[in-house]
Amino acid sequence: MTRRLAIAASAMLVAGACAREASPAPVFSREDCRRVALIDADGAPIFGVEDIAVFRPGDGKGDGDGDAQLILSAYDRSGVERALARNRPAPTGGIYELAWRALVAAARAGTPAAPVTLAAGDDLAGGVRPHGVDVAA
């Protein structure tokens with residue numbers, strides 16, 4: 001019983017310490033957020049984008065026009081679960097590149113953005129099933 005009391009007291013102290021931390025004001029409000037559909041070169045929707053890496057010209061990866069580039073990792077895990085439950089082939093994912101300016105333009109216009117496919121489907125043995133993405137300079 002004493003051990004449980006000690007654990008509970010410790011948890012309360014930690015929770016109390018966290019509650020007193022001041023949170024910085026958010027940079028963007030919820031109203032600033034936009035959903036943007038993504039489509040591939042064939043016009044098919046791209047599902048499951050979970051990870052985004054950003055790089056800028058000057059780090060050896062940019063296009064030189066001052067535009068940030070986004071590398072998107074997509075793998076539709078829900079689609080995989082549905083396909084496997086129905087005994088169907090599981091969809092693969094992809095790695096895509098999208099200019100920041102193109103994303104902003106699509107958001108403002110309310111239209112889908114069409115990133116460049118870097119790897120998708122069966123481009124790699126066993127299919128593309130990304131789990132995270134990173135860009136090294």
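Reader: Which residues line the largest pocket?
Author: Heads-up, this is a predicted model: local features need pLDDT of at least 70, side-chain atom pairs count only at pLDDT 80 or more, and totals for chains, interfaces and linings use all residues. Residues are numbered from 1 along each chain as its sequence is written, and side-chain values use heavy atoms, with hydrogens and water left out. A pocket here is an open set of points on a 1 Å grid over the protein atoms alone, where a 1.4 Å probe fits and protein lies on both sides within 12 Å along at least five of seven lines; a lining residue has an atom within 4 Å of a point. For the largest pocket, those lining residues are F28, D32, C33, R34, R35, V36, A37, W100, L103, V104, A107 and R108.

Reader: What volume does the largest pocket have?
Author: Volume means the space filled by probe spheres set on the grid points, which are joined across faces, edges and corners. For the largest pocket, that gives about 460 Å³.

Reader: How many nonpolar, polar and charged residues are in its lining?
Author: Ala, Val, Leu, Ile, Met, Phe, Trp, Tyr, Cys and Pro count as nonpolar, Asp, Glu, Lys and Arg as charged, and the others, Gly among them, as polar. Sort the lining of the largest pocket that way and you get 8 nonpolar, no polar and 4 charged residues.

Reader: And the second largest pocket: which elements give two or more residues to its lining?
Author: That pocket holds about 230 Å³ of space. Its lining has 16 residues, with P45, I46, F47, T92 and Y96 nearest the centre, and they split into 9 nonpolar, 4 polar and 3 charged. Elements are DSSP runs numbered from the N terminus: helices (H or I, at least four residues) and strands (E, at least two). The ones giving two or more residues to this lining are β3 and β4.

Reader: In what order do the 4 strands sit in the sheet?
Author: Strands pair if DSSP finds at least two bridges between them, and β3 (residues 94-99) has 4 bridges to β4, with I95 partnered by A119. The edge strands, each pairing on one side only, are β1 (49-55) and β4 (116-120). The sheet is open and antiparallel, in the order β1-β2-β3-β4.

Reader: What angle does helix α3 make with β3?
Author: Helix α3 (residues 100-109) packs on the sheet and touches β2 (69-74) and β3, where contact means heavy atoms within 4.5 Å. Angles run from 0 to 180 degrees between N-to-C directions, using lines fitted to C-alpha atoms (for helices, over the stretch in contact). Between α3 and β3, the angle is about 80 degrees.

Reader: Why does S73 count as buried?
Author: S73 is found in strand β2, and beyond four places in sequence its contacts include G48, V49, G94 and I95. Buried means under 20% relative accessible area, exposed over 50%, and partly exposed in between (1.4 Å probe, protein chains only). S73 counts as buried because its relative accessibility is 2%.

Reader: How far apart in space are R77 and G93?
Author: R77 belongs to helix α2 (residues 77-85) and is partly exposed, at 30% relative accessible area. Apart from neighbours within four places, R77 touches E50, P130 and H131. In sequence, R77 and G93 are 16 residues apart; in space, C-alpha to C-alpha, the distance is 9.0 Å.
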